[in-house]
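Consider the structure shown here with its sequence at hand.

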Amino acid sequence: MEIKKTAVAGTLESSDVQVTVEPGGGGITLDLSSSVINQYGRQIKKLVLGTLENLGVKSGKVTVVDKGALDCTIKARVECAVYRSNGQTDGIPWGAL
Amino acid sequence: MTDDVKNRLRRTMLFLSAQRPSLMKDAYIFRPDSVIFDLEDAVAESQKDAARFSLYNNLKSVDYGSVERIVRINGLETPHWREDVRACVAGGAEGIRIAKCESAEDVKLVESAVESAEREFSADPGKMLLMAAIESPRGVINALEICEASDRLFGVAISGGDFRVAMRTSYHRSGVELLAARGGVLLAARASGVQCFDTVFTDLDDMEGFRAEVVLDREMGFDGKSVVSPRQIPVVHEIFTPGPREIREAERVVRAIRENAARGVGIFQVDGKMLDIAFLSGAERTLALAKASGAYEGDL
């Protein structure tokens, strides 16, 4: 998938994460801020990049503001933001996510 | 699916908005019998897609142990419900709650979408259970056909908010405004052998009123209650779990009926009360409920 337009998913509430994706060339640029960055920063980056790879996203700017979200929430917000950037809300390939 | 799964213990069904990760991440610690992840009223229209992604990933990742995971999908008049069903089946939810159910056709429509999703995602055919929320006068009138519409249907629930609006009334502490709905839906559930659940109680500061309503639910014959706060769970479990005295009486009744039946005696007295075979199933049900609740470890 491509990041076709700027899209946001998630909130800044505790246990949530806000993910913003924007179109951009030359690979993926990831900007992460987290209340637990010293403990889990590396793991969160790996999870975000792995989720993007699974979606086939090869380039774009991704901004992640984490408020202590579980891995499943981070993955959900990244997927939602990418699908929103494509204007797709139905026909999601659930089994492949 | 087996009858054990369909008839499992469901004293409490805790509503949780699928839009709020903070609610979904660890609700199993409150030990409700079931949770209901809500994609409908608790989710803003602009966040339906985000809630679905959260739901799917939560279903796939978080271990709820023995807590049953049911999903309230959006109403059949909306553009969302079919995608909701796909996410539920692919994620592995145990059940789907059909909102605003008014007829057998509504149940069959969702059943058909579930079957399609089971094929698409290679899920166990027939495993996904259904329950119907009855929220309108027409739903109450059609409750029996709703209860009998599908082998997947394990129960029906009254949803009081919309029903009160439709009846041009409002909440009353006596419960008089829901008298017809509670009676009608319970009768239909009992006639068709499915479970029946009462509506939520939303005034979280009125625990006395809540307790009184739960007692009414138990006395009327409901199997459990939808709840909106973890604070409400212990109250429902306490009231819906048979106490020691009730268990002892049920044991005595079961033993006496079986012993007398073996001797060819049909009617007799226990502790001054006339008993016959008609009392057996009620006593057995009390022991089964006590056993499922962890309050009885006897051999009956």
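Predicted model: local features only at pLDDT ≥ 70, side-chain atom pairs only at ≥ 80, totals over all residues.

The account that follows treats helix pairs, then a cavity, then a pocket.

Helix H3 (48-61) of chain B packs with H4(B) at an angle of about 15°, and their axes are 8 Å apart. Angles under 35 degrees count as roughly parallel, and H3(B) and H4(B) are therefore roughly parallel to each other. Where H3(B) passes H4(B), the crossing is right-handed. On the side of H3(B), the contact is formed by B:Arg52, B:Leu55, B:Tyr56, B:Leu59 and B:Lys60, while H4(B) supplies B:Glu83, B:Asp84, B:Ala87, B:Cys88, B:Ala90 and B:Gly91. Sorted by class, the residues of this contact comprise six nonpolar, one polar and four charged.

Helix H4 of chain B, which spans residues 81-91, also packs with helix H5 of chain B, residues 104-120. Here the angle is about 45°, and the axes lie 9 Å apart. Because of that angle, H4(B) is oblique to H5(B). The crossing of this pair is right-handed. From H4(B), the residues in contact are B:Trp81, B:Arg82, B:Val85, B:Arg86 and B:Val89. They meet B:Leu109, B:Val110, B:Ala113, B:Val114, B:Ala117, B:Glu118 and B:Glu120 of H5(B). Eight nonpolar and four charged residues take part in the contact of H4(B) with H5(B), and no polar ones.

The next pair joins the two chains. Which residues bring H2(A) and H3(B) into contact? From H2(A) come A:Cys72, A:Lys75, A:Ala76, A:Arg77, A:Glu79, A:Cys80, A:Tyr83 and A:Arg84, and from H3(B) come B:Asp49, B:Ala50, B:Phe53, B:Ser54, B:Asn57, B:Asn58 and B:Ser61. Six of the residues in this contact are nonpolar, four are polar and five are charged. The axes of H2(A) and H3(B) cross at roughly 145° and come within 8 Å. This crossing, too, is right-handed.

A search of the whole structure for cavities of 30 Å³ or more finds one. The largest cavity holds about 60 Å³ of space. Its lining consists of A:Leu70, A:Cys72, A:Thr73, B:Pro21, B:Met24, B:Lys25, B:Ser54, B:Asn57 and B:Asn58. Two or more of these residues come from each of helix H2 (71-85) of chain A, helix H2 (21-24) of chain B and helix H3 (48-61) of chain B. H3(B) provides the largest share of the lining, three residues. In terms of class, the lining of the largest cavity has four nonpolar residues, four polar residues and one charged residue.

The last feature is an open space. The volume of the largest pocket is about 710 Å³. It is lined by 20 residues, and those closest to its centre are B:Arg190, B:Phe222, B:Asp223, B:Arg285 and B:Leu289. Which helix gives the most to the lining of the largest pocket? That helix is H13 of chain B, residues 280-292, with six residues. By class, seven residues of the pocket lining are nonpolar, six are polar and seven are charged.

Definitions and conventions
Residues numbered from 1 in each chain as written. Chains lettered and ligands numbered in written order. Heavy atoms only, no water. Axes fitted to C-alpha atoms, helices over the stretch in contact; angles between N-to-C directions. Helix = DSSP H or I, 4+ residues; strand = E, 2+ residues; numbered from the N terminus. Parallel < 35°, antiparallel > 145°, perpendicular 65-115°, else oblique. Left-handed = near helix turned anticlockwise from the far one by under 90°. Contact = heavy atoms within 4.5 Å. Nonpolar A, V, L, I, M, F, W, Y, C, P; charged D, E, K, R; others polar. 1 Å grid on protein atoms, 1.4 Å probe; cavity = no way out; pocket = protein on both sides within 12 Å on 5 of 7 lines; lining within 4 Å. Points joined across faces, edges and corners; volume = space filled by probe spheres on them.
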